[in-house]
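Please keep the sequence and the 3D view open while reading.

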Amino acid sequence: MKQLSEKIAAVAPSATLSISDKAKKMQREGIDVISLSIGEPDFDTPRHIKDACIDALNRGETHYSPSNGIPELLTAISEKISSENHFPCRPDQVIVTCGAKDAIYEAMEAVLNPGDETILITPAWVSYEPCVQIAGGKVVKHAINEKTFQLDDSLLERVNTKTKMIVVNSPSNPSGAVFDTNSMKLVADICQDYDIYAISDEIYEKLVYAKEHISLAAIGDMAERTITINGFSKSYAMTGWRLGYAVAPVEIIRQMSKVQQHSVSQAVTFAMWGAVAALKGDQRCVVEMRTEFDRRRKYILSELNRMGYETAPAEGAFYAFVNVGGDDVQTATRWLEQGHVAVMPGSAFYAPGWIRLSYATSMEKLKNAMDRIQKLGRN
Ligand SMILES: Cc1ncc(COP(=O)(O)O)c(C=O)c1O
């Protein structure tokens, strides 16, 4: 048999899925495993969003729609961006995708040529590097300062003539850090000085606690070179709907559109009507979910700090990032096998020595998990 694709063979399978598979196997064997390993809200999608989707189904919105998305959603997104994110956006600068992940993949395909370098600030979410690789690009990693979780001039050391793109993710998965104005300005200055594109993944934008979310595209003329990624999964508890979007200059959207037209065609028509209701409807559901995440965040941080663990700032998203020192994979395995608490080792995010705990689970389960971790003691 002829050899399969070398490009895909070189891509690592999702590390986050392998530990959750192990946890699920233990659960199937009857073991009471508490999972703090997954990155999805435990809330149900708000009623009015589901109703809008059901109405759309009942009206027969079950056919193909324009590849970039239904006009009503493109308009709702452009209005949201212009008013909330403070940079101008027309509907033709938007593409609705099958989840934010698909938007990231299409953006990489749209911008990168073989050998182009993309700077990844680590710790980083697991799918950026594979998306760069599949697009034929090369990842250059830049480790963040693990005390401040903000950027400094050392970022410039990663830039060379092959640098085509930089990926910024604030609030960050896995660290929960939110970039302040200085960090964002630094990225903007570098992109402008060295003619570099940026992907700004703002999927956790609505989950920022006691800090301000800054959109990279709102700084200087960054809107001309930034692909802003966002979606509905985390803000509106819609992970299974597979709805995300990108906002970018028209020529980049046109490139992304070609990738979309020849692969998935479009996002699901009736699901997009739910997304219109999400953006245009009452935003109290977002506030309620954020308030509950904040309550859990404060609890989990105080417990971990009380046990003597150092934690990253946890200013956004729904993750606590904990410095366990030593071998994080061993610690995560011990917590799972002996404490029956599933967490993600930091190595999966290029941050050995750290562990990511998701607090997108009930307070009762969090309390139980903290008791178990406390009982296990440190290695
Ligand atoms: C940083 C980050 N970006 C993008 C995504 C993908 O989101 P979606 O479910 O909309 O594809 C995730 C999901 O875990 C994420 O954590």
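A polar contact, as the term is used here, is a pair of N or O atoms within 3.5 Å. The model is a predicted one, and in it an oxygen atom of the ligand is 2.8 Å from an N or O atom in the side chain of Tyr 204. Asp 201 has a side-chain N or O atom 2.6 Å from a nitrogen atom of the ligand, while Ser 233 places a polar side-chain atom 2.9 Å from an oxygen atom of the ligand. On its own the ligand has 400 Å² of accessible area, and the protein covers 92% of this.

## The shell around the ligand

There are 14 residues around the ligand, and those that come nearest are Ala 100, Asn 173, Asp 201, Lys 234 and Arg 242. Sorted by class, the shell has 6 nonpolar, 4 polar and 4 charged residues. Helix 5 (residues 99-111) gives the largest share of this shell, with 4 residues.

In soluble globular proteins, nonpolar side chains tend to be buried together. The largest nonpolar core of this model has 104 residues, and the members that touch the most others are Leu 73, Met 108, Ile 227, Phe 232, Leu 243 and Leu 357. Helix 10 (residues 284-306) provides the largest share of this core, 8 residues.

Definitions and conventions: Residues are numbered from 1 along each chain as its sequence is written. This is a predicted model: local features need pLDDT of at least 70, side-chain atom pairs count only at pLDDT 80 or more; totals for chains, interfaces and linings use all residues. Side-chain values use heavy atoms; hydrogens and water are left out. A residue is near a molecule or strand if one of its heavy atoms lies within 4 Å of it. A polar contact is a pair of N or O atoms within 3.5 Å; within protein, one must be able to donate a hydrogen and the other to accept it, and residues adjacent in sequence count only if both atoms are side-chain atoms. Accessible areas come from the Shrake-Rupley method with a 1.4 Å probe; for residues, only the protein chains shown count as cover. Helices (H or I, at least four residues) and strands (E, at least two) are DSSP runs, numbered from the N terminus. Ala, Val, Leu, Ile, Met, Phe, Trp, Tyr, Cys and Pro count as nonpolar, Asp, Glu, Lys and Arg as charged, and the others, Gly among them, as polar. A nonpolar core is a set of buried Ala, Val, Leu, Ile, Met, Phe, Trp, Tyr and Cys residues joined through side-chain atoms within 4.5 Å. Buried means under 20% relative accessible area, exposed over 50%, partly exposed in between (1.4 Å probe, protein chains only).
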